[in-house]
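Me: I am new to this structure and would like a close look at a single part of it. Please keep the answer plain.

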Amino acid sequence: MSFLRTALNSSVIIHPPGFYIIGFESLPSVNIYFIFLAIVYVVTVLFNGLLIIVVVINPSLHTPKFLAVINLAVIDLCLNTCTIPGMIKIFLVKDNFIPFNLCLVQMYFYYFFANSESYALTILAYDRLVAICFPLRQNSINTMRSMCCIITFTWCLVLGITTFSTSLMTKLSFCNSVRVFSYFCDYAPVFRLACNDYSMQWFAASFLSMMTLVGPFAFIVLSYVSILVTVFRMKTLDRRLKALSTCVEHIIIVAIFFIPLLVIFTIGFNSGGINPDHRVLSLSMASCLPPCINPIVYSLKTKEIKTRALRFNIKNGKHTILQ
């Protein structure tokens, strides 16, 4: 290819026609894994779709809490749509080439929704914090308007972060390998292929990871510390259990999303010796499973959603029978 033979200097930026995604080439039993991913995607679409429909068509669920839940469901749906269909396409068509511009588009949308997921879980922690620590002022603090403003702010913040970090990739030259060892156009595996200085991209990846992963997780932890302090000040055991029971579903989905990612990034950052195959498999599982599990957890653990989802299915079943 001619771009590989181009002389590189400080004033020339070389962009290849595209990249080859090779993260699953050496993975054993890859057929089974892609069947599993197809099932995960179907469940993601069905359950998140059902969750969105149930909340939208029930006026009694038009509250700040369920607005935050809808925000999470939309992000979950989009996040898995950014990656799983492309991964399945590589497996079915045996075509792992992705054009340069499309690579940046995929990178942009993946990190936009992955970072938004982190902030969406933070918003749900804020909702629980207000409900338990300030019960008498909850309706005045956590209104539909304030929740809309918070969600809009986080989307705008993530939009700016993702736009800045992705735009930095256009300043890199790629004159050697174009083989990306990941399951999509991942930020770090792509910028490490550059043949010019990528210290700015490395700094952006490190600093923005702190903003979008460590920062929200720290806020969630501090929120639950405040919640526990408030709960243990309650006089009766029943009130304590009732307050804590409203947090169970959120704690589950926070653990599912944050713990695997924090473990993977901590091991990779400190030792740098994590097996590439293990990294690809772990990261793909850590990013694809939470959007599938989140709506199931909320449907099973939240009484309001579970009751109305059953009514919705019963009504649809009766309608089908009458037809």
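What is the handedness of the crossing of helix 1 and helix 2?

Reply: The crossing of helix 1 and helix 2 is left-handed, meaning that the near helix is turned anticlockwise from the far one by less than a right angle. This is a predicted model, in which local features need pLDDT of at least 70 and side-chain atom pairs count only at pLDDT 80 or more, while totals for chains, interfaces and linings use all residues. Residues are numbered from 1 along each chain as its sequence is written, and side-chain values use heavy atoms, with hydrogens and water left out.

Helices here are DSSP runs of H or I with at least four residues, numbered from the N terminus. Helix 1 spans residues 30-57, and its axis comes within 9 Å of that of helix 2, crossing at roughly 155 degrees. Axes are lines fitted to C-alpha atoms over the stretch in contact, with angles from 0 to 180 degrees between N-to-C directions. Helix 1 and helix 2 are therefore roughly antiparallel, a term for angles over 145 degrees. Their contact has 20 nonpolar, 5 polar and 1 charged residues; Ala, Val, Leu, Ile, Met, Phe, Trp, Tyr, Cys and Pro count as nonpolar, Asp, Glu, Lys and Arg as charged, and the others, Gly among them, as polar.

Helix 2 (residues 64-93) also meets helix 3 (residues 100-133): their axes come within 9 Å and cross at roughly 160 degrees. This pair is therefore roughly antiparallel as well, and helix 2 passes helix 3 in a left-handed crossing. The contact of helix 2 with helix 3 has 16 nonpolar, 4 polar and 5 charged residues.

Technical notes. Helix = DSSP H or I, 4+ residues; strand = E, 2+ residues; numbered from the N terminus. Parallel < 35°, antiparallel > 145°, perpendicular 65-115°, else oblique.
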